[in-house]
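I opened this model to go through its charged pairs, one of its sheets and a few single residues. My notes follow in the order in which I looked things up.

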Amino acid sequence: MVDGALTNPLAHAVATALALAGSTRAEDVAGIETELLRANDIESDDTSCVRVTTVQGGSVTVAATLCAERADEPYVVVHGTSGRITFWYKQDRVLLQRADHGPEELHFDRTDLLENLVAHLRDGTELLVTPDDTGAFMQVVEAIRTAPDPEPLPDAAWRRVPGEDRRVVPGIDALVAAAADRLCLYSELGAPWARPAHHHLPEEVSTR
């Protein structure tokens, strides 16, 4: 099973988090835990989280939902020993928070990867993201593909939005934020509808 919340609409969150962690290649991944759930009557997941353990000993956790209580911009948080960085990747906006410093907000220009690919094919411009640099993300896709089917949430865990044809999961916005803050999965945060994580160990990848 693929094409769920983590591998389609919010795939950029997974790929960006892996890139910021410096773990983009397949051999950078030591293990993957997935919790795939769905509030809607569909075959794929719509409320899920994944945690990637890297060979460097780091942890990349991504929590995502298509059943949010309110619309918000997706973001990635980088935790450091003396502060944190929040990156709203669709807005090209960065918030830097450091100990003994006031918060600093920065904006950056965007580099179009499709334009870079066209330039590479046309005149040999160096690729900014090579196929090998998507290996870790593809390991996540494979872990989700081979995981058990998404668990349906109990009826009491979701509600319909009046006047809208969509379902929301009460409390999910706070759980997503807590997952980013604490690098925890839904089950570890005490979500009553979550199930223990499914563990996936990537096959050995040749680095030659």
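Entry 1, salt bridges. I counted a salt bridge where a side-chain nitrogen of Lys or Arg is within 4 Å of a carboxyl oxygen of Asp or Glu. The model is predicted, and I took side-chain atom pairs into account only at pLDDT 80 or more. With that in place I searched the whole structure and got 12 salt bridges. As background, side chains of opposite charge can pair when their charged atoms come close.

I then looked up some of the pairs one by one. Arg-25 is bridged to Asp-132, with 3.5 Å between the closest N and O atoms. This pair links distant parts of the chain, 107 residues apart. Arg-25 sits in the loop between H1 and strand E1 (29–38), and Asp-132 in the loop between H2 and helix H3 (135–146). I checked how accessible the two partners are. Arg-25 has 31% relative accessibility and so counts as partly exposed. Asp-132 is also listed as partly exposed, because its relative accessible area is 48%.

Next I took Arg-110, which forms a salt bridge with Asp-92 at 3.1 Å between the closest N and O atoms. Arg-110 is in the loop between E7 and H2 and Asp-92 in the loop between E5 and E6, so the bridge ties together parts that are 18 residues apart in sequence. Arg-110 has a relative accessible area of 53% and is therefore exposed. I also looked for bridges with shared partners, and found that they join Arg-25, Glu-27 and Asp-132 into one network.

Another pair I noted is Arg-70 with Asp-72, whose side chains meet in a salt bridge at 3.8 Å, N to O. Arg-70 is exposed at 54% relative accessible area, and Asp-72 is exposed at 55%.

Entry 2, the sheet. In what order do the four strands of the open sheet stand? I read the order as E4-E5-E6-E7, with antiparallel pairing. Strand E4 (76–79) and strand E7 (104–107) are at the edges with a single partner strand each, so one side of each has no neighbour in the sheet. On average, neighbouring strands in this sheet are turned by 15° against each other, direction ignored.

I went through two of the pairings. E4 and E5 are joined in the antiparallel sense over four bridges, and the two strands make a hairpin with three residues between them. In this pairing Val-78 is opposite Ile-85 in E5. Strand E5 (residues 83–88) is joined to strand E6 (residues 93–98) by six bridges, again antiparallel. Here I found Thr-86 opposite Leu-95 in E6.

I also checked what lies across the strands. Helix H1 (residues 11–20) lies across E4 and E5 and runs at about 20° to E4.

Which residue in the hairpin of E5 and E6 takes a positive phi? I found Asp-92, near 55°, in a hairpin with four residues between the strands. Asp-92 is not a glycine.

I placed Asp-100 in the loop between E6 and E7. Its relative accessible area is 81%, so I put Asp-100 down as exposed.

I picked His-79 in strand E4 and asked what it touches beyond its neighbours within four places in sequence. The contacts are Ala-180, Asp-181 and Leu-183. I took the spacing to Leu-183: 104 residues in sequence, but 9.6 Å in space, C-alpha to C-alpha. His-79 has a relative accessible area of 36% and is therefore partly exposed.

Which residues form the nonpolar patch on the surface? I listed Leu-114, Leu-117, Val-118 and Leu-121, with about 400 Å² of accessible area together. I looked up Leu-114 separately and found it in helix H2 (residues 113–123). Is Leu-114 buried or exposed? The cut-off for exposed is over 50% relative accessible area. Leu-114 has 60% relative accessibility, so I recorded Leu-114 as exposed.

Notes: Residues are numbered from 1 along each chain as its sequence is written. This is a predicted model: local features need pLDDT of at least 70, side-chain atom pairs count only at pLDDT 80 or more; totals for chains, interfaces and linings use all residues. Side-chain values use heavy atoms; hydrogens and water are left out. Patches are made of residues with over 30% relative accessible area and no salt bridge: like charges are joined within 9 Å, nonpolar side chains (Val, Leu, Ile, Met, Phe, Trp, Tyr) within 5 Å. Accessible areas come from the Shrake-Rupley method with a 1.4 Å probe; for residues, only the protein chains shown count as cover. Buried means under 20% relative accessible area, exposed over 50%, partly exposed in between (1.4 Å probe, protein chains only). Two strands pair if DSSP finds at least two bridges between them. Axes are lines fitted to C-alpha atoms, for helices over the stretch in contact, and angles run from 0 to 180 degrees between N-to-C directions. Contact means heavy atoms within 4.5 Å.
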